[in-house]
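Good morning, and thank you for making time for this presentation. I would ask you to keep the structure in view while I speak.

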Amino acid sequence: MAEISQVAGSDGVKTKTSMIERPRMDADIVCVGFGPATAGFLSTLSRQLVNADGTPAVESAVAPGLPPQVLCYERADDIGFGVSGVVTQARALRASFPDIEKAGIPMAAPVGEEKVLYLLDPIGASRRSALLRLADKAIRAFQWALPFERDALNLPWTPGFLHKRGGMVLSMGQFMQWVGAQVQGTGAVQIWPGTPVSQALIENGKVAGVRLLDQGVTKVGAPGDGFTPGMDIHAALTVVGDGPVGAVGRQLDDLLGLPENHHTRDWAVGMKFVVDLPEDTPLKPGAVLHTFGYPEPEIFGFLYAHPGRVASLGIFVPSWFDTPVRTAYRYLQHWMTHPSLWHFLKGAKLRSWGAKTLGESGRRGEPHLAGDGYARIGEGSGSTNVLTGSGVDEAWATGALLAQAVLELLKAKKPFTKENLEATYVQRRRASWLEQESRAAEKSRDGFQRGVLPGLIGMALAGLSGGRLVLPGRPLRPWERIPPLEDYFRGRIPPAEARKIRDDCYARGVSAHAALMERAGWPAIVCDGQLLVSHQDALLLGGKVQAPPGYADHVAFVFPNECGRCGTKLCVEACSGQAITPGENGAPNFDREKCVHCGACLWNCATASPENPERTAAAFRPAPGGLHSAEN
Ligand SMILES: Cc1cc2nc3c(=O)[nH]c(=O)nc-3n(C[C@H](O)[C@H](O)[C@H](O)COP(=O)(O)OP(=O)(O)OC[C@H]3O[C@@H](n4cnc5c(N)ncnc54)[C@H](O)[C@@H]3O)c2cc1C
Ligand code: SF4
Ligand code: SF4
């Protein structure tokens, strides 16, 4: 394994250790990000740092006589402003909070009826293989004998691994706010939202803490009015729980590489609405609906009912959906208007909206879990189970296991070396259900590299055989998967016309997916002002997106030559917030005020980084702001 030997940015752009004099603070433990993983870590740790009589259970190295000083920095403007499902078996959550059901967490409900619907194409616009069209014909021909309603087949049987029986439907935002209050209520931990970490501090081959983001800088990061250099927080242990697209995790990956045969090539963007359901909704709290097949076969959907006639719903658009117009927002609108969903959603009203990247490489994306001075937890540590589509419980479990390891080391007065963390944290992980289940899931999605049907068959095989049987497939890098526009629309739009539509749109400074999709047969969306709203209205009404001034642009096109040569600008088409638009001379424009920090531009780029083929030509860096809603 490589030694940590330099300071580097997270996007292949090298940054020199700055000569600027920075304020410094010393802590015992510093955490990057307050997602479910860090919440699991801090919930477990904070309860055991102080004895019942108020004396320290273990002593701080930086504040003698006090318990260890534990700080957590979260980039979002408040706790729980991220996006997630969530239906979860809640095994790890219950281990931390045995009475979680009785805790009165808003929007929580026990899982009730679970259904999986195969959605047929009611309008004939979806790109379906010949085999899928044949299957659709057969389903329609025998619909009288099948559980078929409103252009959807309700699968009469679904394998056990897809079920979340006995689990919970939560709003992750509400849950995280509740956990944040519990953790801070112990008095043993401080959580600082609105405070992005810019990078890990690397000293003498070790992670020595973190540097917070500079404030009072220009769009390109140069000191401006009111310049305040980010503070250096030195700590014996840095806990990296910054999620799938976190900059600190990527910085460590760039410095250390990944273990042999590991990679992070598989991604998805999850886009989500929280809605008020109509008064006469038949959906009971706890109802769980999963869909596949439409608007495109590659797109999976979900709908979870909360108490009080509220539902979370959305779609996942994966990186193996080989299209140059990978727009989640437009597809979400078509998904909502499928007759089987519209049946529940007609009359519903948007409350909240957002999007977020999921790391879909799972166990295969696992980085070096621990090193001198640091440990990785959560989705960025490869914890998400890609077979069951479960990430929260797994992320939480990694955090709880790390906390047990840290307590063991603190009590034994042993330093946080690679060796000690591997003997305590990594070993606990290897011995846990997480390892067993993530191994079984590791290759379960490889079939999707060849198409939707092989993908579904591969998942079923892996799920039913505990991972022993799989359909092989070679995961490509995201940028290797993007066909030219002309090829993608071949047979639907003449190549010259497709190019002209794109060029006309780009000349007007707007994305081309809507015009291209409508020319290819997708109906225009008729906005109703309450659920079917324009993308801009979703930003304002649903996302309440904000961008505090004084920070550098966090999305950057650092290889303008590559952007200049790029034909269909996938970053523009896929941007979850319409924050990236076609610019002059080929490089796109970026508008921070519209960015929901989904991280999708990091992998929705059609060109490799000239510095690292595992990365793309787009940079996504830490910043505050984004969504202002704790319902997602
Ligand atoms: C739409 C959607 C639906 C989902 N549905 C489900 C579901 O039903 N069930 C399920 O189990 N899982 C679901 N997931 C997956 C689940 O959300 C993730 O697996 C889980 O959130 C991972 O937790 P984490 O703590 O590792 O990372 P995250 O939740 O990503 O948290 C990381 C935190 O770090 C912060 N951060 C990042 N960089 C920095 C920085 N530089 N400085 C400071 N803070 C930083 C981020 O703002 C974030 O709060 C869903 C995901 C999405 C997007
Ligand atoms: S960031 Fe990537 S997709 Fe966007 S214009 Fe540049 S090369 Fe093309
Ligand atoms: S610019 Fe912002 S909203 Fe657009 S894809 Fe990137 S992170 Fe998401």
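**Aromatic pairs, sheets, helices and ligand shells**

Across the whole structure, a search finds 17 aromatic pairs. Please bear in mind throughout that this is a predicted model.

Let me take one of those pairs as an entry point. Tyr 329 and Trp 353 are arranged edge-to-face, with 6.0 Å from centre to centre and 85 degrees between the planes. The pair links distant parts of the chain, since Tyr 329 belongs to helix α6 and Trp 353 to strand β19, 24 residues apart.

That brings us to the sheet that contains β19. It is an open sheet of eight strands with mixed pairing, and the order is β6-β7-β5-β16-β17-β18-β15-β19. Which strands stand at its edges? They are β6, residues 148–149, and β19, residues 349–359; each has a single partner strand, so one side of each is left without a neighbour in the sheet.

At the β6 end, the pairing with β7, residues 152–154, is antiparallel and extends over two bridges. Within it, Glu 149 has Ala 152 of β7 as its bridge partner.

Two helices lie across this sheet. Helix α3, residues 130–141, lies across β5, β6 and β7, and runs at about 115 degrees to β5.

The peptide bond that joins Tyr 294 and Pro 295 is cis, with omega at about 10 degrees. Pro 295 is placed in the loop between β16 and β17, two strands that follow one another in the sheet order.

I turn next to an open sheet of three strands, ordered β3-β8-β4 and paired in the antiparallel sense. The edge strands here are β3, residues 87–88, and β4, residues 109–110, each pairing on one side only. Strand β8, residues 168–169, is joined to β3 by two bridges, and Thr 88 has Met 168 of β8 as its bridge partner. In the loop between α2, residues 91–96, and β4 we find Met 107. Met 107 has a positive phi of about 70 degrees although it is not a glycine.

Parallel pairing is found around strand β1, residues 24–32. Eight bridges join β1 to β14, residues 232–240, and the two run parallel; here Cys 31 stands opposite Val 239. Strand β2, residues 70–73, also runs parallel to β1, through four bridges, with Val 32 opposite Tyr 73.

Now to the helix packing, where α8 takes part in two contacts that I wish to describe. How far apart are the axes of α1 and α8, and at what angle do these helices pack? The axes are 7 Å apart and the angle is about 35 degrees, in a right-handed crossing. Among the residues that meet are Phe 41 and Leu 45 in α1, and Trp 396 and Leu 407 in α8. By class, this contact has 13 nonpolar and six polar residues, and no charged ones.

The second contact is that of α8, residues 392–411, with α9, residues 418–431: the axes come within 9 Å and cross at roughly 145 degrees. This crossing is right-handed as well. On the α8 side the contact includes Leu 401, Ala 405 and Glu 408, and on the α9 side it includes Leu 421, Tyr 425 and Arg 428. The residues divide into six nonpolar, four polar and three charged.

Finally, the ligand surroundings. Around ligand 2 we have Phe 557, Cys 563, Cys 566, Lys 569, Leu 570, Cys 571, Pro 588, Cys 605, Ala 606, Thr 607 and Ala 618. That shell comprises nine nonpolar residues, one polar and one charged.

Which residues come nearest to ligand 3? Of the 14 around it, they are Cys 575, Cys 595, Cys 598, Gly 599 and Cys 601. By class, the shell of ligand 3 has ten nonpolar and four polar residues, with no charged residues.

Methods
Residues numbered from 1 in each chain as written. Chains lettered and ligands numbered in written order. Predicted model: local features only at pLDDT ≥ 70, side-chain atom pairs only at ≥ 80, totals over all residues. Heavy atoms only, no water. Near = heavy atom within 4 Å. Nonpolar A, V, L, I, M, F, W, Y, C, P; charged D, E, K, R; others polar. Pairing = 2+ DSSP bridges. Contact = heavy atoms within 4.5 Å. Axes fitted to C-alpha atoms, helices over the stretch in contact; angles between N-to-C directions. Left-handed = near helix turned anticlockwise from the far one by under 90°. Phe/Tyr/Trp six-rings, centres within 6.5 Å; stacked < 30°, edge-to-face > 60°.
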